[in-house]
Each structure stands twice: as structure tokens, then as C-alpha cells.
Amino acid sequence: MSNIDKSAPETPEFYLREDYHPEGSAGLGFWLYLMSDCLIFAVLFATYAVVGRNYAAGPSPSDLFDLKLVAINTGTLLLSSITFGFAMLSMERDHRNGTLMWLAVTGVFGLVFLGIELYEFSHLIQEGAGPQRSAFLSAFFTLVGTHGLHVTFGTIWLVVLMTQVSQHGLVTENRRRLMCLSMFWHFLDVVWIGVFSVVYLMGIVG
Amino acid sequence: MTVKGLAHEDASATHHGHNNGHEAGHGSLRGYVIGFTLSVVLTAVPFWIVMGNLLDSKLMTVAAIMLFGTAQIVVHMIYFLHMNAKAEGGWMIMALIFTIIIVAIALVGSLWVMYHLNTNMMPMSPEQMKNMP
């Protein structure tokens with residue numbers, strides 16, 4: 001492909017270059033990855049729905065869950081979603097510092113979410129309600145833990161991108177990466193809606 | 001792809017520096033604020049229903065949680081993930097619909113089959129256990 005380009009750069013090309021690659025396909029590709037991730041969560045949700053009532057004579061959701069804590073957690077994740085939105089808006093206006101500032105705020109909310117979740121997990125394990133206690137708790141720790149792991153990696157990715165933006169500015173590559181991370185972040189918020197509805201709220205209702 | 005189509009794509013690629021990666025749709029401040037407000041309401045109401053024990057019937061409470069959860073997922077898809085029927089030439093919504101179908105089959109199928117397995121499970125004597133195939 002390249003030798004033809006060099007020999008006649010001005011002539012119109014009436015053929016399809018073999019490695020022709022339309023711009024902006026990263027968004028679709030990343031969306032397909034998110035959909036496959038969605039299948040992972042669907043399997044974990046299905047597992048939880050099937051075995052979520054098998055307490056093995058152990059504690060049930062209404063014994064364990066503190067809805068106030070879950071409400072705070074949900075609030076932090078929601079706030080982090082809109083602050084990431086503000087980061088994307090700053091990016092579209094080419095405000096490098098604004099983007100970095102909003103990304104930092106998003107990261108802080110992400111860390112608060114993870115901190116509360118780890119506190120909840122350690123609290124449960126201390127009470128003897130660890131993942132090995134019953135099928136319900138195994139499924140609970142797997143589902144919520146997988147979501148937490150995603151948030152962890154999202155936060156690491158966020159820090160990496162903040163470094164990239166501060167070093168190289170809002171170049172095309174960084175814009176594309178930020179767009180992918182924003183989709184990832186909002187997707188995790190969508191999964192969390194399922195988690196707090198199915199696991200926590202319905203668990204308390206019984 | 002037609003020659004015209006290719007030329008058009010090349011032309012749009014030359015000035016991609018400014019609008020690269022926004023095929024998923026432009027977010028606006030208004031959109032994010034509307035999405036956030038709706039999300040807060042759609043989160044607060046089910047929490048309020050459950051924490052305040054507002055509904056007597058368990059079935060009604062579960063139905064309300066499902067309803068608000070689904071509505072909030074739709075709000076997030078539209079206002080935060082900028083989904084629409086035209087994003088990425090319609091392929092995003094196609095992938096989404098496909099995923100929803102697979103997820104529905106996996107969820108409904110698992111619950112259905114496992115429920116029947118549980119209810120049809122016969123109590124087994126040690127003799128029967130020994131003679132199991």
C-alpha cells in the first residue's frame with residue numbers, strides 16, 4: 001500500500017486499500033468488548049438468582065446488608081459518573097486542566113466506592129459471613145467482587161490516562177482512550193444498578 | 001464500498017483531530033444534568049420504598065424495584081453512554097439487542113430450569129443412592 005502512496009500522492013485512488021481502516025472504529029470495538037463483559041455479569045447474576053436463597057442455615061441478606069451504606073456507595077458511583085461526563089465535556093472544549101481536574105474527582109469517588117466496598121467485605125468476613133459460608137454468600141462475593149475488580153482496574157486505567165494527558169496533552173490518541181474509559185465507567189454504573197436492585201434491595205425484601 | 005463513499009471517509013478522516021471518537025454521540029452539559037437528575041430520582045425511590053417499607057405486598061415491592069432499575073438503565077444508556085439507533089451506523093444498537101437477547105435467555109432459562117429442578121427433586125433414600133446409574 002505504501003509504495004503506491006508515495007509514487008502518486010495526488011492522484012485519486014479508485015480502489016480499496018487492503019488495510020483500509022475507518023476512523024472511529026475504536027468506539028464500536030470497545031462497545032463489543034463491553035457487551036461481552038455484560039455476558040460475564042449476566043452469568044454471575046444468573047448464578048446469584050439461582051443460589052441466592054440457599055443460606056445453608058447461615059445469615060440471610062436482611063441479617064447482613066446495611067442499606068444506608070449501599071445508598072452512600074450508589075451515590076458515590078452516580079456522582080463519579082457525572083464528574084466523568086464533565087471531564088469529557090472539558091475534553092471536547094480542549095481544556096486540559098479541567099479534564100485532569102474532573103478525572104481526579106472521578107478517581108476520588110471511585111476510591112471512596114472501593115473503600116466502602118472493602119469495608120463491607122471485611123465486616124462480613126469478620127462476622128463469619130465469608131464466601132465459604134453458603135452458596136448465597138459465594139455468589140454474592142463473586143458478583144459484587146467482580147464488579148469491584150472492574151472498578152479497581154477502571155481506577156488504575158484512569159490514573160494511567162491522567163498521566164498520559166498531563167504528559168502529552170489532549171492528543172487524538174488520548175481522546176480516543178478517554179472515550180473508551182468513559183464508556184467503561186458508565187457501563188460499570190449500569191451494572192451497579194443491577195447489583196443494588198437485585199442483590200441488596202431484593203435481598204432485604206426477601 | 002463505493003468510490004464516493006471511500007472519498008467521503010478519507011475526507012472526514014483528514015480532519016479527525018477535532019471530532020475523533022465522537023461517533024458514539026456528543027454529550028452536552030444539559031444531557032448529563034438531565035441524566036444525573038433522573039438517575040438520582042430513579043435510585044432514591046426504590047431505596048425509599050424498601051427502607052420505609054412503603055408497600056405491603058412483597059410482589060409489588062419487587063416489581064417496583066425491577067421497574068425503577070430498568071428505567072434507570074435506559075436513562076444511563078441514553079444520557080451517559082449516548083446510545084441511539086444511529087450510533088456507529090446502527091451497529092451499537094444491534095450489538096446491544098443481541099446481548100439483551102442472550103442475557104434474557106441465560107437468565108430466564110437458568111431460573112426456569114433450576115426452579116423446576118428444585119421442586120421436582122425427590123427425596124432419596126440411601127438404597128436409591130447406591131443404585132444410582
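Which hand does the crossing of H3(B) and H4(B) have? Point 1 takes this up. Note that the model is predicted.

1. **The H3(B)–H4(B) pair.** The crossing of H3(B) and H4(B) is left-handed. The axes of these helices lie 9 Å apart, and the packing angle is about 165 degrees. That angle is over 145 degrees, so H3(B) is roughly antiparallel to H4(B).

2. **What meets in that pair.** From H3(B), the contact uses Gly31(B), Tyr32(B), Ile34(B), Gly35(B), Leu38(B), Ser39(B), Leu42(B), Thr43(B), Val45(B), Pro46(B), Ile49(B) and Val50(B). The H4(B) residues they meet include Phe68(B), Ala71(B), Gln72(B), Val75(B) and His76(B). By type, the contact of H3(B) with H4(B) has 15 nonpolar residues, seven polar and no charged.

3. **H3(B) itself.** H3(B) has 23 residues. From first C-alpha to last, H3(B) reaches 32 Å, close to the 33 Å expected at 1.5 Å a residue. After H3(B) comes Asn53(B), with a positive phi near 55 degrees.

4. **The buried residues of H3(B).** These are Tyr32(B), Gly35(B), Ser39(B), Leu42(B), Thr43(B), Pro46(B), Phe47(B) and Val50(B). An α-helix has 3.6 residues a turn, so residues three or four places apart point the same way. The buried residues of H3(B) pack against H4 of chain B, and also against helix H4 (67-92) and helix H7 (172-205) of chain A.

5. **The contact between the chains.** Chain B gives 46 residues to the contact, and chain A gives 44 residues. On the chain B side, the elements that give two or more residues are helix H1 (3-14), helix H2 (16-19), helix H3 (29-51), helix H4 (58-80) and helix H5 (91-120). H5(B) supplies the largest share of that side, twelve residues. The side of chain B that touches chain A divides into 29 nonpolar residues, 13 polar and four charged.

6. **H5(B).** How many residues of H5(B) are buried? The count is one among its 30 residues, so H5(B) is hardly covered. H5(B) reaches 43 Å from first C-alpha to last, close to the 44 Å expected at 1.5 Å a residue.

7. **One residue at the contact.** Ile193(A) is found in helix H7 of chain A. Ile193(A) counts as buried because it has 24 C-beta neighbours inside 10 Å, and the cut-off is 20 or more. Leaving aside neighbours within four places in sequence, Ile193(A) is in contact with Gly69(B), Gln72(B) and Ile73(B). Gln72(B) is also one of the H4(B) residues that meet H3(B). Within chain A, Ile193(A) and Gly148(A) are 45 residues apart in sequence and 13 Å apart in space, C-alpha to C-alpha.

8. **A helix pair in chain A.** How do H2(A) and H6(A) run, roughly parallel or roughly antiparallel to each other? The axes of helix H2 (residues 25-51) and helix H6 (residues 135-168) of chain A come within 9 Å and cross at roughly 160 degrees. H2(A) and H6(A) are therefore roughly antiparallel. Their crossing is left-handed. H2(A) brings Leu44(A), Phe45(A), Thr47(A), Tyr48(A) and Val51(A) to the contact. H6(A) brings Ala135(A), Phe136(A), Ala139(A), Phe140(A), Thr142(A), Leu143(A) and Thr146(A). The residues of this contact divide into nine nonpolar, three polar and no charged.

Terms used. Residues are numbered from 1 along each chain as its sequence is written. Chains are lettered from A and ligands numbered from 1 in the order in which they are written. This is a predicted model: local features need pLDDT of at least 70, side-chain atom pairs count only at pLDDT 80 or more; totals for chains, interfaces and linings use all residues. Two residues are in contact if their C-beta atoms, placed from the backbone, lie within 7 Å. Helices (H or I, at least four residues) and strands (E, at least two) are DSSP runs, numbered from the N terminus. Ala, Val, Leu, Ile, Met, Phe, Trp, Tyr, Cys and Pro count as nonpolar, Asp, Glu, Lys and Arg as charged, and the others, Gly among them, as polar. The expected span of a helix is 1.5 Å times one less than its number of residues. A residue is buried if 20 or more other C-beta atoms lie within 10 Å of its own, exposed if 12 or fewer, and partly exposed in between; C-beta atoms are placed from the backbone. Axes are lines fitted to C-alpha atoms, for helices over the stretch in contact, and angles run from 0 to 180 degrees between N-to-C directions. Angles under 35 degrees count as roughly parallel, over 145 as roughly antiparallel, 65 to 115 as roughly perpendicular and the rest as oblique. A crossing is left-handed if the near helix is turned anticlockwise from the far one by less than a right angle, and right-handed if clockwise.
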